[in-house]
Amino acid sequence: MSTFSLQDLEKIIAERGRSGDANSWTAKLFAKGIDKAAQKLGEEAVETVISAVKGDRQGVVAESADLIYHWLVLLALAGVPLSEVISELERRTAQSGVAEKASRGG
Ligand SMILES: N=c1c2ncn([C@@H]3O[C@H](COP(=O)(O)OP(=O)(O)OP(=O)(O)O)[C@@H](O)[C@H]3O)c2ncn1[C@@H]1O[C@H](COP(=O)(O)O)[C@@H](O)[C@H]1O
């Protein structure tokens, strides 16, 4: 199992986005701004959906990676840390009581 995490990718995106490197896709997206990042996120979401309905398993993997990368770029440009989204997911899980039920075995 890989130890690579979304937090690792969030850090890479923050660094590459500020790098000014002409070869960096992340730096290009940061320069173009949130409208372009949002457009790319939408495209990657549609491509993921198309792969799924076609039953293209490898496509779902590849397009999901594109989708998550562009989602993290959008979060960075929106000034929202990944930890805030994780906290919201955690809050919802706690609210539903599902985690507690699972730890009690049902
Ligand atoms: N995970 C990704 C990642 N996923 C997708 N992409 C890029 O997203 C771009 C958009 O994909 P498309 O197929 O839509 O490309 P396109 O048709 O050329 O784009 P448009 O002309 O339509 O705008 C491609 O150039 C991909 O290379 C990514 N670019 C970077 N990363 C990560 O970010 C890191 C830093 O990358 P750089 O910023 O490029 O150094 C990398 O090491 C990776 O970890």
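Which residue follows α4, and what is its phi? I found Gly79 there, with a positive phi near 75°.

**Ground rules.** I am working with a predicted model, where local features need pLDDT of at least 70, side-chain atom pairs count only at pLDDT 80 or more, and totals for chains, interfaces and linings use all residues. I number residues from 1 along each chain as its sequence is written.

**Overall layout.** I looked up the secondary structure and got 6 helices and 0 strands. Helices here are DSSP runs of H or I with at least four residues, strands are runs of E with at least two, and both are numbered from the N terminus. Along the sequence I read α-α-α-α-α-α. The C-alpha trace spans about 55 × 35 × 30 Å along its principal axes. I noted a radius of gyration of 17 Å, whereas a compact globule of 106 residues would have one near 13 Å. That radius is taken over C-alpha atoms, and the globule rule is 2.2 Å times the number of residues to the power 0.38.

**Burial and core.** Buried residues make up 14% of the 106 residues. I call a residue buried if 20 or more other C-beta atoms, placed from the backbone, lie within 10 Å of its own. The largest nonpolar core has 9 residues: Ile13, Leu29, Phe30, Ala37, Leu41, Tyr69, Leu72, Val73 and Ala76. Such a core is a set of buried Ala, Val, Leu, Ile, Met, Phe, Trp, Tyr and Cys residues joined through C-beta atoms within 7 Å. α4 gives the most to this core, with 4 residues.

**Back to α4.** I checked its length: at 1.5 Å a residue, its 22 residues should span 32 Å, and the end C-alpha atoms are 31 Å apart, which agrees. The expected span is 1.5 Å times one less than the number of residues. In α4 I found Glu63, Leu67, Tyr69, His70, Leu72, Val73 and Ala76 buried. The buried residues of α4 pack against α1, α2, α3 and α5 (82-96).

**Around the ligand.** Which residues are around the ligand? I listed Ile12, Arg16, Ser24, Trp25, Thr26, Ala27, Asp66 and Tyr69, near meaning that the C-beta atom, placed from the backbone, lies within 6 Å. The elements giving two or more residues to this shell are α1 (6-19), α2 (25-32) and α4 (57-78). α2 gives the most, with 3 residues. Tyr69 turns up both in this shell and in the largest nonpolar core.

Notes. Buried ≥ 20, exposed ≤ 12 C-beta atoms within 10 Å, placed from the backbone. Contact = placed C-beta atoms within 7 Å.
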